[in-house]
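Colleague: I am new to this one. Could you show me how to read its features?

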Amino acid sequence: MANLELWETFKEAITAYTGLSPATFFTVIALALAFYYVVSGLFGSSAPPPRTREIEEEMEPLPPPVQLGEITEEELKIYDGSDPKKPLLMAIKGQIYDVSQSRMFYGPGGPYALFTGKDASRALAKMSFEEKDLTGDISGLGPFELEALQDWEYKFMSKYVKVGTVKKTVPVTDGPSTGESSEASPSESTPVENVEGHHTHEVKTEGDVERE
């Protein structure tokens with residue numbers, strides 16, 4: 001009985017405030033909701049926003065690191081991120097690590113992208129971004145710089161997979177060979193023999209003149 005009285009009161013309120021009958025009022029509400037869902041379905045985009053796609057791509061599993069063994073510095077340069085199909089590699093103190101899992105830092109556009117594809121030991125030790133320091137030469141570094149480099153190496157050893165080493169190239173200098181020296185000796189002694197022979201010839205000539 002109480003519910004019936006409440007319903008009658010509600011219908012009277014609808015009529016008083018909207019001027020519509022309860023049936024008309026609920027019909028209008030239903031049509032408005034249906035119109036809203038139709039419009040949102042036509043103009044709404046089912047594709048995820050671009051940022052969501054980027055996050056999904058970053059979360060895709062990376063291929064397992066490939067062991068390269070010993071490679072030269074020139075061969076290391078091709079793993080600088082310019083080819084998205086190749087892993088991101090970076091070397092510290094001649095040891096090469098796969099840093100592909102931190103592409104946002106070491107990939108193209110990242111804050112440490114210039115270190116990728118190189119042995120950046122000196123640059124890391126000095127916390128330098130200058131081109132001249134992008135080398136594996138750590139000669140002349142101070143104790144604090146060497147300690148900083150050691151910290152970087154420990155970090156890489158614990159976080160990334162080692163995939164190879166950088167082959168050291170030693171410049172070859174051509175020195176004087178033994179063969180050249182031995183060949184030069186006879187040529188140097190030849191003028192002496194010629195001179196001695198010349199003097200002997202002169203003595204004989206003078207003797208001949210005296211006898212005459």
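Modeller: Start with W152, which counts as buried at 13% relative accessibility. Buried means under 20% relative accessible area, exposed over 50%, partly exposed in between (1.4 Å probe, protein chains only). This is a predicted model: local features need pLDDT of at least 70, side-chain atom pairs count only at pLDDT 80 or more, and totals for chains, interfaces and linings use all residues. Residues are numbered from 1 along each chain as its sequence is written, and side-chain values use heavy atoms, with hydrogens and water left out.

Colleague: How many aromatic pairs does the structure hold?

Modeller: Rings of Phe, Tyr and Trp (its six-membered ring) pair if their centres lie within 6.5 Å; planes under 30 degrees apart count as stacked, over 60 as edge-to-face and the rest as tilted. The structure holds ten such pairs. One of them is Y97 with F156, edge-to-face, at 5.7 Å centre to centre and 70 degrees between the planes.

Colleague: Where do Y97 and F156 lie?

Modeller: Helices (H or I, at least four residues) and strands (E, at least two) are DSSP runs, numbered from the N terminus. Y97 is in strand β3 (residues 95-98) and F156 in helix α7, so their pair ties together parts 59 residues apart in sequence. Y97 is buried at 3%, and F156 is buried at 0%.

Colleague: What about the rings of Y112 and W152?

Modeller: Their centres are 6.3 Å apart and their planes at 85 degrees, so the pair is edge-to-face. Y112 sits in the loop between α5 (103-106) and α6, and W152 in helix α7, 40 residues apart. Y112 is partly exposed, at 24%.

Colleague: Which residues form one aromatic cluster?

Modeller: Y97, Y106, Y112, F115, F129, W152, F156 and Y160.
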